[in-house]
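The points are grouped by topic and may be read in any order.

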Amino acid sequence: MTEMTPPAKPRPNAVTPPLPWKTRFYLAILSAVTDTARRSNGTVNRRFLSFLDARTPPSATPLHGVRTTDVTVDTSRGLRFRLFVPVDSDAHESLPVIIFFHGGGFAFLSADSRAYDAVCRRICRRVGALVLSVDYRRSPEHRYPAPYEDGTDVLRFLDHGGLASADAAAARLADLATCFLAGDSAGANIAHHVARRWAAGRASGEWERVRLAGMVLIQPFFGGEERTEAEMRLPNAPIVSVERTDWLWRAFLPEGDDRNHEASNVFGPRAGELEAALPEALVVVGGFDPLQDWQRRYYEGLRARGKAARLVEYPDAVHAFYVFPELKESTALMEEIKAFVDGHRSPPIHG
Ligand SMILES: *[C@@H]1O[C@H](CO)[C@@H](O)[C@H](O)[C@H]1NC(C)=O
């Protein structure tokens, strides 16, 4: 099961990737917006962001072959997810379920942000899966472990049959024995930690229906006190420069704690044992992402602990490349996710 893609040609000295000017421009805007929204006292100007973070409403009318609806899990904390259902699926089909966590450094964006609505729609359509994009609580208003708890509670909601009352047609399609946790950046960090919570619960017999078949971790946001080679080589990278990630960790980790906390430095000095039931991971790394060394260490850490894992490297990819469908790596990533999901589906039941 475990394999590695052929090593891609490294570009050890380049600091800027070959990108279309439109993508470059959008990345610069994105970085500038988050820089303006985050304050030096560690808070986020939500009012300012609400003007700039374009939202897409759910749509019962299919758009590109996918219908969407928002499902509330817990009103008291505003926990909900956006459900993406492929409309051309045969009513007797059984589809894998991908629980997705959006990126944004734990602090920014949401399931209805336009870019993430579009990403999840693409995954839903290309992979042929139900996608649940979790609107977890964000930092600094809600720090560690709030999003991990939110993700685990979405799994509990599914395990207790919550989908049937929210969307009966989708519930009939959902194969809860073939669930995947997926996410990008901070969302991939959340996926890892929610998978650990699921695996711990499995050891104590908590889960009746939900079984995790794999994790899809796209450019996961991990870190530590150390500065890695890539962090030093790419100090001005868009979105995840060292200065920005330091701010984001300070906003997320328990007050006064440091980046060697187990939430960020998952295999660092304070890491505990990994749960036996942790499913196989697909780890996606970009050659222009300052976080790449942490991501490779994560992959190697899994392997060193006897876990199945697959590493995919895109040498020309910047952080957040997958929100730009014009990039060839975005298309390639969809194919990877589809192959990974198809390779982990439960065998069809005969008779
Ligand atoms: C942080 O700064 C903003 C804007 O200057 C202010 O409105 C807010 O009350 C401050 N928050 C804290 C916790 O200091």
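Helices and strands are DSSP runs numbered from the N terminus, with at least four residues (H or I) for a helix and at least two (E) for a strand. In those terms, proline 145 is placed in the loop between β5 and α4. The model is a predicted one. Its protein chain has 11 helices and nine strands.

**Overall form**

- The chain has 351 residues, for which a compact globule would have a radius of gyration near 20 Å; the value for this chain is 19 Å, which agrees.
- The C-alpha trace spans about 60 × 45 × 40 Å along its principal axes.
- Of the 351 residues, 57% count as buried.

**Annotated domain**

- In an unreviewed entry, UniProt lists "domain: Alpha/beta hydrolase fold-3" at residues 98–322.
- The chain over residues 98–322 is 39% helix and 18% strand.
- The end C-alpha atoms of residues 98–322 are 17 Å apart.

- Helix α7 is mostly covered, with 14 of its 18 residues buried.
- Just after α7, glycine 205 adopts a positive phi of about 75°.
- Helix α10 comprises 13 residues, 292–304, and reaches 18 Å from its first C-alpha to its last, close to the 18 Å expected at 1.5 Å a residue.
- The buried residues of α10 include Trp294, Tyr298, Tyr299 and Leu302. Gln292, Asp293, Gln295 and Gly301 are also among the buried residues of this helix.

**Ligand surroundings**

- Arg39, Asn41 and Thr43 surround the ligand.
- Taken alone, the ligand exposes 370 Å², and the protein buries 30% of that area.
- An N or O atom in the side chain of asparagine 41 is 2.4 Å from an oxygen atom of the ligand.

- The peptide bond from serine 139 to proline 140 is cis, with omega near 0°.
- Proline 140 lies in the loop between β5 (130–135) and α4 (146–159).
- The peptide bond from tyrosine 144 to proline 145 is also cis, with omega near -5°, and proline 145 is likewise placed in the loop between β5 and α4.

**Positive phi outside glycine**

- Histidine 64 is not a glycine, yet it has a positive phi of about 50°.
- The location of histidine 64 is the loop between α2 and β2. Its relative accessible area is 58%, so histidine 64 is exposed, the cut-off for that class being over 50%.
- Glutamine 219, a residue other than glycine, has a positive phi near 45°.
- The loop between β7 (212–218) and α8 (229–233) holds glutamine 219. With a relative accessible area of 0%, glutamine 219 is buried, since that class requires a value under 20%.

**Individual positions and separations along the chain**

- Leucine 63 is found in the loop between α2 (46–52) and β2 (66–74). Its relative accessibility is 41%, and therefore leucine 63 counts as partly exposed.
- Leucine 63 and glutamate 231 are 168 residues apart along the chain, and their C-alpha atoms are separated by 40 Å.
- Serine 89 is placed in the loop between β3 (79–86) and β4 (95–101). At 17% relative accessibility, serine 89 counts as buried.
- Isoleucine 123 belongs to helix α3, residues 114–128. Its relative accessibility of 3% is why isoleucine 123 counts as buried.
- Isoleucine 123 and threonine 69 are 54 residues apart along the chain, and 16 Å separates their C-alpha atoms.

How values were computed. Residues are numbered from 1 along each chain as its sequence is written. This is a predicted model: local features need pLDDT of at least 70, side-chain atom pairs count only at pLDDT 80 or more; totals for chains, interfaces and linings use all residues. Side-chain values use heavy atoms; hydrogens and water are left out. UniProt positions are given in the numbering used here, feature names are shortened, and annotations may be inferred rather than shown by experiment. Buried means under 20% relative accessible area, exposed over 50%, partly exposed in between (1.4 Å probe, protein chains only). A residue is near a molecule or strand if one of its heavy atoms lies within 4 Å of it. A polar contact is a pair of N or O atoms within 3.5 Å; within protein, one must be able to donate a hydrogen and the other to accept it, and residues adjacent in sequence count only if both atoms are side-chain atoms. Accessible areas come from the Shrake-Rupley method with a 1.4 Å probe; for residues, only the protein chains shown count as cover. The radius of gyration is taken over C-alpha atoms; the globule rule is 2.2 Å times the number of residues to the power 0.38. The expected span of a helix is 1.5 Å times one less than its number of residues.
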